[in-house]
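Q: Hi! I've got a model open and would like to talk through some of its local details. Can you help me out?

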Amino acid sequence: MTLNTVSEWTSFGGLVSVHDHASPLLGCDMRFAVYTPPQAKDGPVPVLWYLSGLTCTWANVMEKSGLQRAAAEHGIMIIAPDTSPRGPGVPDDKAYDLGQGAGFYLTATEPPWDTHFRMDQYITKELPGIIEASLKADMTRQGIFGHSMGGHGALTLHFKHPFTYRSCSAFSPITSPARVPWGEKAFTAYIGPPSIAWEQYDATELVQNRQTDAHLLIDTGRADSFLETQLKPDIFIEACEHSGQALTYRLHDGYGHDYYFIASFMDDHIAHHAKALKG
């Protein structure tokens, strides 16, 4: 599979690079970004996947979070995929929370989305093959984190693939999508009316039967305008307590649902993953 490098910037002794490739799985061209730390000059380094939220691309986290400094310090490669298939042949919706930019990290089974929207398979199968073939990545040491919709994706993929993603964290994740408007809308469109299929993409449901050895770290702002309507952390916290899943869930006064918030705690999250992946 041909990988086209679009741009590169040196940062903290490492390299931020942006790449395009044709995706047979998704039926369109895809773009992703990578931060390769300076330690990769000496050999493969651990890999940390960052999944972005609604409307975002690779650029949000690479340009706004300040992740490069901590990633360089700990010797962690960070990969930022796109949030959905894109392009003129890909179905879309006028709303920001459905269609292009809103893949929800699942495999759609309902038309017209089922032809292209397979973001969970893209993250777990297709893109890792490209990374392993093209970059100095140690694919035996992988972690995953994300924001909002991407936090939902990180948690669900971790619970489904605990031996692939040995560490997991999230910023303001949608932990119970089957119970909130964002998830109800997306799930209905992508995978049909409420059914057992919804549970396979709901972290609160998954943790009840798929506890992992990882200690989860989640940060959310108390001033987040989506806290009570879309995030509802108490449901997930209670499910983790009942199932015995190790979890540190921190609520921070004054912070919202933005990259000012993410940048404030990015160092903590990278250190959290480094401890697990390099320990």
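Q: Which residues of α4 are buried?
A: In α4, the buried ones are Met149, Gly150, Gly151, His152, Gly153, Ala154, Leu155, Thr156, Leu157, His158 and Phe159. Buried means under 20% relative accessible area, exposed is over 50% and partly exposed is in between, with a 1.4 Å probe and protein chains only. Helix α4 is largely enclosed by the rest of the structure, because 11 of its 12 residues are buried.

Q: Before I go on, what kind of model is this, and what are the ground rules?
A: This is a predicted model: local features need pLDDT of at least 70, side-chain atom pairs count only at pLDDT 80 or more, and totals for chains, interfaces and linings use all residues. Residues are numbered from 1 along each chain as its sequence is written, and side-chain values use heavy atoms, with hydrogens and water left out.

Q: Thanks. How far does α4 reach, end to end?
A: Its 12 residues reach 17 Å from the first C-alpha to the last, close to the 16 Å expected at 1.5 Å a residue. The expected span is 1.5 Å times one less than the number of residues. Helices (H or I, at least four residues) and strands (E, at least two) are DSSP runs, numbered from the N terminus.

Q: What is the phi of serine 148 like?
A: Serine 148 has a positive phi of about 60 degrees although it is not a glycine. Serine 148 sits in the loop between β6 (137-147) and α4 (149-160), and is buried, with a relative accessible area of 3%.

Q: Where is phenylalanine 104, and is it buried or exposed?
A: Phenylalanine 104 is in the loop between β5 and α3 and is buried, at 0% relative accessible area. Phenylalanine 104 also has a positive phi of about 60 degrees, although it is not a glycine. Most residues other than glycine have a negative phi, and most peptide bonds are trans.

Q: Which peptide bond is cis?
A: The one from proline 111 to proline 112 is cis, with omega near 0 degrees. Proline 112 is in the loop between β5 (77-80) and α3 (119-134).

Q: Switching to α10: how many residues does it have, and where does it bend?
A: Helix α10 (residues 259-278) has 20 residues and reaches 27 Å from its first C-alpha to its last, close to the 28 Å expected. It bends by about 50 degrees at phenylalanine 265, where the bend is the angle between axes fitted to the seven residues ending there and the seven starting there.

Q: What caps its N-terminal end?
A: Aspartate 258 does, with a side-chain oxygen 3.2 Å from the backbone nitrogen of tyrosine 260. The buried residues of α10 include Tyr259, Phe265, His269, His272 and Leu277.

Q: Now pockets. What lines the largest one?
A: His158, Pro162, Phe163, Tyr165, Arg166, Ser167, Thr212, Asp213, Ala214, His215, His272 and Ala276 line the largest pocket. β7 (165-171) and α10 each supply at least two lining residues, and β7 gives the most, with 3.

Q: How is a pocket defined here?
A: On a 1 Å grid over the protein atoms alone, a pocket is an open set of points where a 1.4 Å probe fits, with protein on both sides within 12 Å along at least five of seven lines; lining residues have an atom within 4 Å of a point.

Q: What does the side chain of serine 23 reach?
A: The backbone nitrogen of leucine 26, at 3.0 Å. Serine 23 lies in strand β2 and is buried, with a relative accessible area of 3%.

Conventions. Polar contact = N/O pair within 3.5 Å; in protein donor to acceptor, adjacent residues only side chain to side chain.
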